[in-house]
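Subject: Structure for you to look at

Hi,

Here is the structure I promised. Please open it alongside this message and follow the points below.

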Amino acid sequence: MHTKKLTTLACAAALATLSGAASAQISGNTVKVGVLTDMSGTYSDLAGAGAVLATQMAIDDFMAEAKPAFKVEMVSADHQNKADIASNKAREWFEREGVDTATELVTTSTALAVMKIAKEMNRVALMSGPASTPITNEQCNDVTVHYTYDTYALANGTAKAVTQQGGDTWFFLTADYAFGQALEKDSSAVVTANGGKVLGSVRHPFPASDFSSFLLQAQASGAKIIGLANAGADTTNAIKQAAEFGVTPKQSLAGLLMFISDVHSLGLKNTQGMYLTTGFYWDLNDETRAWSKRFFDKHKRMPTMVQAGQYSSVLHYLRAVNAAGSDEASKVMAQMKKTPINDFFAKNGQIRDDGRMVHDMYLAQVKKPDESKYPWDYYHIRQTIPAAEAFQPLSQSKCPLVKK
């Protein structure tokens, strides 16, 4: 009896030691999530406050589900779509405020800047909002996850569908920075591969409010399709002004990166029939509807794919920290990469060696006003694009982490 009691005490002591060791590997016994996003500018509707809310929802759900021994805190900041502001804030967070991961990072220029700081400081960067393929191609690193979508997947959906349906001559109206250029490049390749021709392009400042001269150039090209290689307020302004100047309906617009927030803001009358590619639609199934209703109750708007992807990426990160028993970047990244993602956002999602999270994408067509039966009932899902087809294959990757 005495021996048995000693053995029990020894086991309890060993477990306590292990538990202490695990919590000691979480710096300060707190995991700190930083949300760096556009809170006031061109992309604030599609990311912004909604991305901050989605992060808090992920934290709350994780705490309720896992009941971890460590605390989770969130900080947020507005990067104003400026790379210098984003990198300075990320450095301050990592160096002085104990932030473990910088997340969201809409706008490619801010994302590329923060990736470098995260690598230098051995922290994780989780990207839901930026789109450019260089994030997981030439400029990839081993602490970055590109989660929600990218320009390759967008082109592979929208540009392919529109070209195959007879929209075989294109002119691009392109935001003049890394994202717009990547989207134009990827879309041009898809148009050409599917038998179409690119007749020209024009670059507009980012952000822009007056598109008149750019639309006149697009009109003069005679192209059947004007490809909008921009996003957020730039896209909505271009669509409104195309109607005002009589460019549409003579020529059709292809919104290469459109969000449900854009359709809501413009209305179905102005967007009906347009194709778009998305990683998420709130009304896809019971699971997406249940989560989106929770989001809507707090935000009074349905979530964009960036906001839904933000929730999923943060929850996946926190689960990985818990499973690894550590917030050290390489341990968390290893856990995230080996664990499939199965939630309302993605089924059998997987983070590859290049940091790209691959999952199914969807080709949607905006409904006509008389087809919409209830608020936010905006899309026909015309096609599910399987993960293996949606994203650039690893065989074409320029990421040095990918073993060929």
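First, a definition for the helix angles. An axis is a line fitted to C-alpha atoms, for helices over the stretch in contact, and the angle between two axes runs from 0 to 180 degrees between N-to-C directions. Keep in mind that this is a predicted model.

**Helices H3 and H4**

Start with H3 (residues 83–96) and H4 (residues 108–121). They pack at an angle of about 25°, and their axes are 8 Å apart. Angles under 35 degrees count as roughly parallel, so H3 is roughly parallel to H4. Their crossing is right-handed. On the H3 side, the contact uses Ala-83, Ala-86, Ser-87, Ala-90, Arg-91, Phe-94 and Glu-95. Among their partners in H4 are Ala-113, Val-114, Ile-117 and Met-121. By class, the contact of H3 with H4 has nine nonpolar, three polar and three charged residues.

**Helices H5 and H6**

Now move to H5 (residues 151–164) and H6 (residues 178–193). Here the packing angle is about 45°, with the axes 8 Å apart. That makes H5 oblique to H6. The crossing of H5 and H6 is right-handed. H5 brings residues including Tyr-152, Leu-154, Ala-155 and Lys-160 to the contact. H6 brings residues including Phe-179, Leu-183, Asp-186 and Val-190. The contact of H5 with H6 divides into nine nonpolar, four polar and two charged residues.

**Two domains**

Next, zoom out. The domain assignment gives domain 1 as 26–149 + 285–359, and domain 2 as 152–278 + 361–390. Their C-alpha centres lie 27 Å apart. Domain 1 puts 23 residues into the contact, and domain 2 puts in 24 residues. About 1,900 Å² is buried between domain 1 and domain 2. Carbon and sulfur atoms give 71% of that area.

**Backbone details**

- The peptide bond from Phe-206 to Pro-207 is cis, with omega near -10°. Find Pro-207 in the loop between strand E7 (197–204) and helix H7 (212–221).
- The peptide bond from Thr-248 to Pro-249 is cis, with omega near 10°. Pro-249 sits in the loop between helix H8 (233–244) and strand E9 (252–255).
- Lys-67 has phi near 45°, a positive value in a residue other than glycine. Lys-67 lies in the loop between helix H2 (48–66) and strand E2 (71–78).

Best wishes

Key
Residues numbered from 1 in each chain as written. Predicted model: local features only at pLDDT ≥ 70, side-chain atom pairs only at ≥ 80, totals over all residues. Heavy atoms only, no water. Helix = DSSP H or I, 4+ residues; strand = E, 2+ residues; numbered from the N terminus. Parallel < 35°, antiparallel > 145°, perpendicular 65-115°, else oblique. Left-handed = near helix turned anticlockwise from the far one by under 90°. Contact = heavy atoms within 4.5 Å. Nonpolar A, V, L, I, M, F, W, Y, C, P; charged D, E, K, R; others polar. Domains from an automatic or database assignment. Buried area = accessible area lost by both parts, 1.4 Å probe.
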